Amino acid sequence: MKTIEVHADVSYPVIVGRGLFGQVTNFLTGVDRVAIIYPAALRLTVEFLRSSLAGVTVSALEIPDGEAAKILLSSNSVGPNWVKQALPETT
């Protein structure tokens, strides 16, 4: 597992790794909103996760597999701008 801190207008941690599904709720203690970026193969897993996170606003972005995902996430229309839209500041 690796945690990458992204420092931008909206700072946030990105947790990357394999086999983290069973630990997700540990990472979300005290969190009221979360963004999940996932490949299509994990759609049902993400829906299960979303339903198990009562009281947490979940924004999910399904990305294509392989090179198409790299291109999508490197564009200005996704990346940091998507995070701002998915996790707007709360007042």
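Residues are numbered from 1 along each chain as its sequence is written, and side-chain values use heavy atoms, with hydrogens and water left out. Because the model is predicted, local features need pLDDT of at least 70 and side-chain atom pairs count only at pLDDT 80 or more, while totals for chains, interfaces and linings use all residues.

Q: What pattern does the protein chain follow along the sequence?
A: Helices (H or I, at least four residues) and strands (E, at least two) are DSSP runs, numbered from the N terminus. The protein chain has four helices and four strands. Read along the sequence, the order is β-β-α-β-α-β-α-α.

Q: Which element of the protein chain has the lowest mean pLDDT?
A: pLDDT is the predictor's confidence in each residue, from 0 to 100. The protein chain averages 76, and 73% of the residues score at least 70. Strand 1 has the highest mean among the elements, 89. The lowest, 57, belongs to helix 4 (residues 79-86).

Q: Which residue in strand 2 stands opposite Val6?
A: Strands pair if DSSP finds at least two bridges between them. Strand 1 (residues 2-6) and strand 2 (residues 12-16) pair in the antiparallel sense over five bridges. They form a hairpin with five residues between them. Opposite Val6 stands Tyr12.

Q: What percentage of the residues of the protein chain count as buried?
A: Buried means under 20% relative accessible area, exposed over 50%, and partly exposed in between (1.4 Å probe, protein chains only). The protein chain has 91 residues. The buried share is 25%.

Q: Leaving aside neighbours within four places in sequence, which residues are in contact with Val46?
A: Contact means heavy atoms within 4.5 Å. Beyond its sequence neighbours, Val46 is in contact with Ile36, Tyr38 and Ala60.

Q: How many residues apart in sequence are the parts that Glu62 and Arg43 tie together?
A: A salt bridge is a side-chain nitrogen of Lys or Arg within 4 Å of a carboxyl oxygen of Asp or Glu. The side chains of Glu62 and Arg43 meet in one at 2.7 Å, N to O. Glu62 lies in strand 4 (residues 57-63) and Arg43 in helix 2, so the pair ties together parts whose separation is 19 residues.

Q: Where do Glu47 and Arg50 both lie?
A: Glu47 forms a salt bridge with Arg50, with the closest N and O atoms 3.8 Å apart. Glu47 is partly exposed at 38%, and Arg50 is partly exposed at 32%. The two are three residues apart, about one turn, and both lie in helix 2.

Q: What is the relative accessibility of Asp32?
A: Asp32 meets Arg33 in a salt bridge at 3.9 Å, N to O. Arg33 counts as partly exposed at 22%. Asp32 also counts as partly exposed, and its relative accessibility is 43%.
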